[in-house]
Amino acid sequence: MEAKSRVALVQPRIPDGNYLPNLGIMYLAGLLLRRGYDVKVFDENIDGQVAPSVIAFNPQVLGITCVTAALGSACRLAEQVKTRLPAVNVVVGGPHISAVPAETLDQNAVIDFGLVGEAELTFPMLCDRLTGRDDSEEIPNVPGLVHRVEGKAKLNAAPRFLSDDELDDVPYPPWHLLPMERIFKQATHGLFTRGKRIMPVMTTRGCPNYCTFCSRVMGFNFRRRSIDNVIGEIQWLYDTYSIDEIYFEDDTFTQDPERAHALLDAIITLNLGIHVKFANGLRADKVDEALLQKMKSAGVYWVGFGIESGSPHTQELMMKRLDLDLAAENVRLAKSMGFKVGSNCIIGYPGESRADVKESLNYFLRLPLDSFAVVPCVPFPGTTAWMECDKNGWLTERASDYDNFWFEIFKVNPLIETPQLSAGDLMRGIREAYIRFYFLNPKRSALVARMMLKKTWNRWSSVKWLRALRANSSVIPRVEGPDYAC
Amino acid sequence: MHVKIIEGCIVCRQCECQAPDVFVIEEKAHSARVHQPHPNGDREADVIQAIKGCPVHVIKLKRDRVPATVD
């Protein structure tokens, strides 16, 4: 019998300390399993050093997903694997290479190919050609492929995005390829969580808004999985992994209120008694009392609003264009309905003045929020914000190292310094906001203390797991594949 | 049909998302660029979608003149 082609998929270490299993590589793993590949998924955030395991697996294709801050880890891993397996094809996908494909390939010789945009159509196509399963087509013709021609990076026209029907056809993520019990313990889901076995689900892709700090990897066209398909996945996760909370990773869950109502109705009818949370902020002008009421009935306990700035001028700079009065009204409404309510604020946006920062922070400090994060603007490559900073020479020295491109909540080292706003101004603004929001409010101080204790406990319990792993590798239970419904 | 981009692009990537075979982002130039200035007629709907979606109105489209026919 002919041996199966082997593909290893890896999520490299992300330095921000927040860990979530990566849905992108899991969707690709599902598609490759369906095509008969031998697939293994590795996660440096869970497994630590994965290079020895990847080398032992001896894949023909090594697929690495990476956000900007993980580019360094991705290249280090690729180098380790390539030293031992020089024939392996290293393919990088994800947000960073989608934003700056040519630069990434030109500056990192260890990467053989990159894929921009959604790779559900293109990665299996590339794997078929790299492993010799399909020799009818040339490798460089794959849409969205960045490859080298005479030593220089060349980018093919981007692939189209998946349609609604194609989204339904993507298999549910084959979670049995990952150590789920450890993921339940180590994944982070913000300040407030109720469940202990939390799984991510993505029900829509894309976002039609123009926020200039976002690299919108999944495009402008808002695409929806069918309600039946989503409900099928939730039921499957409940039956297979006994989940007690769903973490919706949609970019903007309430973008289509009618569809949000329909999905929440279906969750209520399903009646599994599980909690529901949203990973990303909801647009505060896209909710109303009826929708919030439905969320409550569906098991939502925390609502995070992506307000980003309380200054109308900064809102305009960001092209977020939120009605701040309506946003404040909806925050108060959600709070009055018994939700825990959070929001976040970006400060130091290119073009923002000290007066804007003051106005913004005062806006948030007047809201009845339970949690609040103030982060300095991270000018992700490929975004309008990054372009502005690069053009005007506003990037600090720290911005020359992509390892620093992540949101630091308590330790502030800005990547941008503008004539209107110095790094010192930013640090003072953030410190003052946290002191006023958390430490001058006993309830919120207690909350932070609880969170710290919980984090310490989680870290301690993961050390226990690592020790157990070293002592006896069979200690970690893995859910095996027969139940996997492609 | 002739498509061009004038100065002022903010690299929001909307055009690339709508018509990836027509528009491409030029990383170093900080701008979108027309990859295919004369796309086929069947791409017109996507190009128009990109023009409508452009927040800074920098995408310009000139339709080919249809020569008058003499019966």
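Helices (H or I, at least four residues) and strands (E, at least two) are taken as DSSP runs and numbered from the N terminus. The structure is a predicted model, in which local features need pLDDT of at least 70 and side-chain atom pairs count only at pLDDT 80 or more, whereas totals for chains, interfaces and linings use all residues. Residues are numbered from 1 along each chain as its sequence is written, chains are lettered from A and ligands numbered from 1 in the order in which they are written, and side-chain values use heavy atoms, with hydrogens and water left out.

The secondary structure of chain B consists of two helices and four strands, arranged from the N terminus in the order β-α-β-β-α-β. The C-alpha trace of chain B extends over about 50 × 20 × 20 Å along its principal axes. Chain B has 71 residues, of which 44% are buried; here buried means under 20% relative accessible area, exposed over 50%, and partly exposed in between (1.4 Å probe, protein chains only). Among the contacts in chain B with a separation of 6 or more, 59% involve residues 24 or more positions apart, a contact being defined by heavy atoms within 4.5 Å.

Within chain B, B:Gly41 occupies the loop between strand 3 (31–34) and helix 2 (44–53). B:Gly41 is classed as exposed because its relative accessibility is 57%. Between B:Gly41 and B:Arg63, which are 22 residues apart along the chain, the C-alpha separation is 9.7 Å.

Rolling a probe the size of a water molecule over the atoms shows where empty space is left. On a 1 Å grid over the protein atoms alone, a cavity is a set of points where a 1.4 Å probe fits but cannot get out, and lining residues have an atom within 4 Å of a point. Grid points are joined across faces, edges and corners, and a volume is the space filled by probe spheres set on the points. Six cavities of 30 Å³ or more are counted by this rule, and the largest cavity has a volume of about 190 Å³. Its lining comprises 17 residues, with A:Gly117, A:Phe161, A:Val217, B:Arg13 and B:Glu16 lying nearest the centre. Nine residues of this lining are nonpolar, three polar and five charged, where Ala, Val, Leu, Ile, Met, Phe, Trp, Tyr, Cys and Pro count as nonpolar, Asp, Glu, Lys and Arg as charged, and the others, Gly among them, as polar. At least two lining residues of the largest cavity come from each of helix 5 (95–99) of chain A and helix 1 (14–18) of chain B; helix 5 of chain A gives the most, with three residues. Domain 1 (6–162) and domain 2 (189–440) of chain A each provide at least three residues of the lining of the largest cavity, the domain bounds coming from an automatic or database domain assignment.

Several individual positions in chain A were also characterised. A:Val41 lies in strand 2 (residues 38–43) and is buried, because its relative accessible area is 7%. When neighbours within four places in sequence are left aside, A:Val41 is in contact with A:Leu9, A:Ile25, A:Met26, A:Ala29, A:Leu177 and A:Leu178. A:Met26 is 15 residues from A:Val41 in sequence, and their C-alpha atoms are 7.9 Å apart. A:Asn229, in helix 10 (residues 227–241), counts as buried because its relative accessibility is 13%. With neighbours within four places in sequence excluded, A:Asn229 is in contact with A:Asp168 and A:Tyr172.

Positive phi angles were found at the following positions. A:Asn58, which is not a glycine, has a positive phi of about 55 degrees; A:Asn58 lies in the loop between helix 3 (51–57) and strand 3 (61–65) of chain A and is partly exposed, with a relative accessible area of 37%. A:Met319, likewise not a glycine, has a positive phi of about 55 degrees and is placed in the loop between helix 13 (312–318) and helix 14 (324–336) of chain A. A:Met319 counts as buried, at 11% relative accessibility.

Note on methods. 1 Å grid on protein atoms, 1.4 Å probe; cavity = no way out; pocket = protein on both sides within 12 Å on 5 of 7 lines; lining within 4 Å.
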